[in-house]
Amino acid sequence: MTMSLVEVTSGLTQQYLSPLLPGIGERGGITTAQLSWVFVIQNVSMAVLTPVISRLGDSHGYRRVLRASVALVTLGSLLMALRPTFAILTTGAALQGAVVGFMPLMIGILRNRAGDDASRRGIGTLVSALLLATGFGGIVAGAVGASDPRLGLWVGVAAGVLGLAACVVMPDATARPTAEKFNMAGFVLLTVGLVGVVLALSQGGAWGWASPATLLTGVPGLASLVLWPFAELRSPHPMVDVRAFRNLRLTALSAVTFFVAFATIGSIATNATFFGADRAKTGYGFGLNANQIGWALLVFTLGGIVASALTPTALRRIGDRGTLVVGGLATAVGFGGLVFMHNRLSEVLLLSVLDGIGLGVFEAATRALSVEAVAQEDTAIAAGINELVLSLGAAVGAAALSAALTGYSDATGRVALGGYITGWALCCGAGLLAAVAALFLRGSGPRPTHDSDAATRSAALS
C-alpha cells in the first residue's frame, strides 16, 4: 500500500505540469520555447539520475535513498508553487528528476523482502498505480488550476507530501547495503555530456549551429559522452555495466526504447502547448484551458494503458519482433498524421490514441524482453540499462522538439506552426526507426499459447 502511494506521487509529478504550463507562461510572460526547456531540463535530470539513484540505493539502502529522492521532488514542486518564474520552474524541474528513482528503489525492497514471485505481483501493482496516477494527474491539476493555473502547481506539493508520509512507514530491505564506492568520474562525464549535448541541440537553432556558444557546449558534451563508457569499463563499481551491450538482442531492444521514448515522452510538453495555443493569435491550436488540456492528454495515456494490457497477448500471437514493429509503426502513423491533420481537435485526439499505443507497447514489452535477453544473474543490469535508455530517449526527444520550436520563434517568442510540424515529423521518423530496430530482434517468433507459457509471460510483464 505505501509503495503504491509513492507511485501515485510519481505519476502525478510526471504529468501535472503539462496542462498548467501554457497558462503559466501566458500569465508570466514565458515563451513557448522557454516552456519546452522546462521539460528538457527535467528529462536530462532524469537521465543523469537514473543510474545514480539506483547505485546509491544498492550502496546506502533503498529506503534511505527513496526518502531523499521523494524529498527532492517535493522541494522542487514547492519552489515552483511559491514562485513560478522561468528560472525557478527549471530549477524545480531539475529537482523533480529524482522521481526516476522511485520504481527501481522500491523494486529493490520488494525483491529483498518478498522474493521474485511475490515481487513480480508487487511490481504489477506499482505499474498500475503509476499509469492511473499519470493519466489523471493532468486532470486533477487542470481542475485545481482552471481559474488560475498557478494554483494547480500545489497539486505537485500535495503529491510530494503524500509520498513523504508513505516513506515514513514503508518497510526497508532486510539485506545490508553494499557500501560500494561511487563512480564519480562516470557521473561527471555523463552529466557534462548530457547537459552539453542537449543544451546545444535545443538552443542551436537560436544561437546558430556554428556559433561559439553551440560549439562550446556541444563539442565538450559529445566528447564526454564518448569517454563515459570507457570510464565505466575501467571502474570496479560502474554505474552502468556497458558490457551488456555486447548482447545484440539487448542492443536492439534498447534502440526501440530510445526511439519510442524520443517521440512519445519527449513530445508531451510540445503537444500540451499546442492544445493551449490561441488560434486567433497564432493561427493554430485550440485555446484549451488547463482543465481541458488535462482531459486531452488523458486520451493519449488511456491509449497507452489499453495497449500495455493487450501487449502480452500480442507477444504470444505475433511474437516479440512483430509486436514491437506494430508499436513503432503506431508511433510513426500517429505523429505522421499530425503533420497533415492538426486543425480539428477530434483528429488530433484520434492520432494521440495511436501515439499512446506506441507508448503502451514499448512500456509493457521492452522492460520484460530486456530482462529475458540476459542470464538471470544479469537481470538488474538489463533493467537498469532499459531505464537509462528510456530517460535518454525522452531527454533527447524533448531537446529536439524544443529546437524545432525555437527555430520557428520570432522576436516576441511566438512559435510558427512550422515548429510543431517539424517536431511531429521528427517523432514520426523516430517511430519508423523504432520499427526498423525491432526487425533486428532475433529468436522472436510467436510464442506457444498454452497455459503455462501464457502464465510465464504474464508474470514477466507484470
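1. Contact here means heavy atoms within 4.5 Å. Helices and strands are DSSP runs (H or I, at least four residues, for helices; E, at least two, for strands), numbered from the N terminus. By that contact rule, Ile53, Leu56, Gly57, Asp58 and His60 of helix H3 meet Tyr62, Arg64, Val65 and Ser69 of helix H4. Sorted by class, this contact has four nonpolar, three polar and two charged residues. Ala, Val, Leu, Ile, Met, Phe, Trp, Tyr, Cys and Pro count as nonpolar, Asp, Glu, Lys and Arg as charged, and the others, Gly among them, as polar.

2. The model is a predicted one: local features need pLDDT of at least 70, side-chain atom pairs count only at pLDDT 80 or more, and totals for chains, interfaces and linings use all residues. Residues are numbered from 1 along each chain as its sequence is written, and side-chain values use heavy atoms, with hydrogens and water left out.

3. Helix H3 (residues 32-60) packs with helix H4 (residues 62-82) at an angle of about 140°, and their axes are 7 Å apart. H3 is therefore oblique to H4. Angles under 35 degrees count as roughly parallel, over 145 as roughly antiparallel, 65 to 115 as roughly perpendicular and the rest as oblique. Axes are lines fitted to C-alpha atoms, for helices over the stretch in contact, and angles run from 0 to 180 degrees between N-to-C directions.

4. A nonpolar core is a set of buried Ala, Val, Leu, Ile, Met, Phe, Trp, Tyr and Cys residues joined through side-chain atoms within 4.5 Å. Buried means under 20% relative accessible area, exposed over 50%, and partly exposed in between (1.4 Å probe, protein chains only). The largest such core has 27 residues, and Phe275, Phe335, Tyr420 and Trp424 have the most contacts inside it. Among the elements giving it two or more residues are helix H12 (268-276) and helix H17 (417-438). H14 supplies the largest share, seven residues. Another core, of 24 residues, lies apart from it and includes Val6 and Cys167.

5. Leu17 sits in the loop between helix H1 (2-15) and helix H2 (21-28). Leu17 is buried, with a relative accessible area of 2%. Not counting residues up to four places away in sequence, Leu17 touches Phe39, Gln42, Met80, Gln96 and Leu153.

6. Thr270 belongs to helix H12 and is buried, at 4% relative accessible area. Leaving aside neighbours within four places in sequence, Thr270 is in contact with Leu401, Leu405 and Tyr420. The C-alpha atoms of Thr270 and Ala33 are separated by 9.1 Å, although 237 residues apart along the chain.
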